[in-house]
Amino acid sequence: MSAPVRVAVLVSGRGSNMRTLAGAGGEAYQIALVASDKPEAAGLAWARAQGLATFALSPRGIGKPAYEAALDAALHDAGVEVIALAGYMRLLSDDFVARWRGRIINIHPSLLPKYKGLDTHARAIAAGDAVAGCSVHVVTEELDGGAVLGQAEVPIEAGDTPDTLAERVLAAEHRLYPGVLARFVRDGAWRKG
Ligand code: GRF
């Protein structure tokens, strides 16, 4: 049995997906670093309290290249092999994505290829869709555009608001992400870059 794959989770906010991932690695993966572009992110405080290694730096003031260089160094120092974005609200540069090609995955709150970008729940409701959901996908230079690794559907109910739908989708995210990440790290395609 090989050692668990060392995963970094990148968060910008409350980090509920990160908490779910942290509790579910088993023999497949371990959380080697929780990193954030928002030093005040609630998810970071939780990670610190769990004794997880953390990295926090705001790009404000130093600019994106310096921020990403520091992030990249922290990832390498922590021996990170795979990056899981979980509510990370900043676009990674093409250079960064190229350096980590095939090794970054993300969870997005829509059934891709529908509703890339923001306000996914409002857009699904406005379109009159009967189902919504979430997708885990490989991160490429195209926003929310990489290969889809797994999806979960939930119904859109009469009277749903973006908030009520977001809550239902978030519960589906928590069910979906750990299993897809475990499968992704075991599959090993990312090792070939
Ligand atoms: C999730 O809905 C995720 O799909 C989106 O941002 C939200 C993050 O929530 N990208 P959390 O920080 O994991 O609680």
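Colleague: Which pocket does the space taken by the ligand correspond to?

Modeller: In this predicted model, the ligand takes the space of the largest pocket.

Colleague: What makes R14, G15, S16, N17, G87, I107, P109 and E173 the residues that surround the ligand?

Modeller: A residue counts as near a molecule if one of its heavy atoms lies within 4 Å of it. R14, G15, S16, N17, G87, I107, P109 and E173 surround the ligand on that basis.

Colleague: What about I107, and which part of the residue is involved?

Modeller: A backbone N or O atom of I107 lies 3.4 Å from a nitrogen atom of the ligand. As for cover, the ligand taken alone exposes 370 Å², and the protein buries 85% of that.

Colleague: How do you know that both domains contribute to the shell around the ligand?

Modeller: Domain 1 (1–101) and domain 2 (107–177) each supply at least three residues of the shell.

Colleague: What makes you say that the two domains are in contact?

Modeller: Contact requires heavy atoms within 4.5 Å, and 14 residues of domain 1 meet that with 10 residues of domain 2.

Terms used:
Residues are numbered from 1 along each chain as its sequence is written. This is a predicted model: local features need pLDDT of at least 70, side-chain atom pairs count only at pLDDT 80 or more; totals for chains, interfaces and linings use all residues. Side-chain values use heavy atoms; hydrogens and water are left out. A polar contact is a pair of N or O atoms within 3.5 Å; within protein, one must be able to donate a hydrogen and the other to accept it, and residues adjacent in sequence count only if both atoms are side-chain atoms. Accessible areas come from the Shrake-Rupley method with a 1.4 Å probe; for residues, only the protein chains shown count as cover. On a 1 Å grid over the protein atoms alone, a cavity is a set of points where a 1.4 Å probe fits but cannot get out, and a pocket is an open set with protein on both sides within 12 Å along at least five of seven lines; lining residues have an atom within 4 Å of a point. A molecule sits in a cavity or pocket if more than half of its atoms lie within 2 Å of its grid points. Domain bounds come from an automatic or database domain assignment.
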